[in-house]
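Here is a request for a brisk report on one chain. Keep the sequence and the coordinates open while reading.

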Amino acid sequence: MDSQKINRINELYRKSKAEGLTEAEKKEQKLLRMEYLESVKRNLRVQLNNIDVEEKDGTVVNLGEKYGNKKGN
């Protein structure tokens, strides 16, 4: 997510606390938040896919695969 969208999320948050949002701004805020959360989820999946851990029995397991993500997703 680019910095302009993150700045807009912060701007809408501050405005919502100070004076409230119009219905259009509330919809925009909701869409931006959803987009942001999807971006965070994508980044976490990539990070999990790059982490291998050793289990107690000595086997090495990729965290992404362990929790249902396939390598490269």
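## Basis of the model

This is a predicted model: local features need pLDDT of at least 70, side-chain atom pairs count only at pLDDT 80 or more, and totals for chains, interfaces and linings use all residues. Residues are numbered from 1 along each chain as its sequence is written, and side-chain values use heavy atoms, with hydrogens and water left out.

Helices (H or I, at least four residues) and strands (E, at least two) are DSSP runs, numbered from the N terminus.

## Helix packing

Two packed helices are described by the angle between their axes and the distance between the axes. Here α1 and α2 pack at an angle of about 135°, and their axes are 10 Å apart. Axes are lines fitted to C-alpha atoms, for helices over the stretch in contact, and angles run from 0 to 180 degrees between N-to-C directions. The two helices α1 and α2 are therefore oblique to each other. On this scale, angles under 35 degrees count as roughly parallel, over 145 as roughly antiparallel, 65 to 115 as roughly perpendicular and the rest as oblique.

The α1 and α2 crossing is left-handed. That term applies if the near helix is turned anticlockwise from the far one by less than a right angle; clockwise gives right-handed. On the α1 side, the contact is made by Lys 5, Arg 8, Ile 9, Leu 12, Tyr 13, Lys 15 and Ser 16. On the α2 side are Glu 25, Glu 28, Gln 29, Leu 32, Arg 33, Glu 35 and Tyr 36. Contact means heavy atoms within 4.5 Å.

## Salt bridges between the helices

Side chains of opposite charge can pair when their charged atoms come close. The structure holds six salt bridges. The term means a side-chain nitrogen of Lys or Arg within 4 Å of a carboxyl oxygen of Asp or Glu.

Lys 5 is partly exposed at 30% relative accessible area. Glu 35 is partly exposed at 33%. Buried means under 20% relative accessible area, exposed over 50%, and partly exposed in between (1.4 Å probe, protein chains only).

Lys 15 and Glu 25 also meet in a salt bridge, at 2.7 Å from N to O. Lys 15 counts as partly exposed, at 24% relative accessibility. Glu 25 counts as buried, at 13%.

Glu 38 forms a salt bridge with Lys 41; their closest N and O atoms are 3.4 Å apart. Why about one helical turn between Glu 38 and Lys 41? Because they are three residues apart in helix α2. Glu 38 is partly exposed, with a relative accessible area of 36%. Lys 41 is partly exposed as well, at 43%. Elsewhere, salt bridges that share partners join Arg 8, Glu 11 and Glu 28 into one network.

Asn 62 lies in strand β2 (residues 60-62). Is Asn 62 buried or exposed? At 4% relative accessibility, Asn 62 counts as buried.

Its side chain has polar partners. The side chains of Asn 62 and Asp 52 are joined by a polar contact of 3.1 Å. The Asn 62 side chain also reaches the backbone oxygen of Ile 51, at 3.5 Å. A polar contact is a pair of N or O atoms within 3.5 Å; within protein, one must be able to donate a hydrogen and the other to accept it, and residues adjacent in sequence count only if both atoms are side-chain atoms.

## Individual positions

Glu 54 is in strand β1 (residues 52-54). Glu 54 is exposed, with a relative accessible area of 60%. Glu 54 touches Thr 59 and Val 60, not counting residues up to four places away in sequence. The C-alpha atoms of Glu 54 and Thr 22 are separated by 51 Å, and the two are 32 residues apart along the chain.

Asn 49 is in helix α2. Asn 49 counts as buried, at 4% relative accessibility. Asn 49 and Gly 64 are 15 residues apart along the chain, with their C-alpha atoms separated by 4.3 Å.
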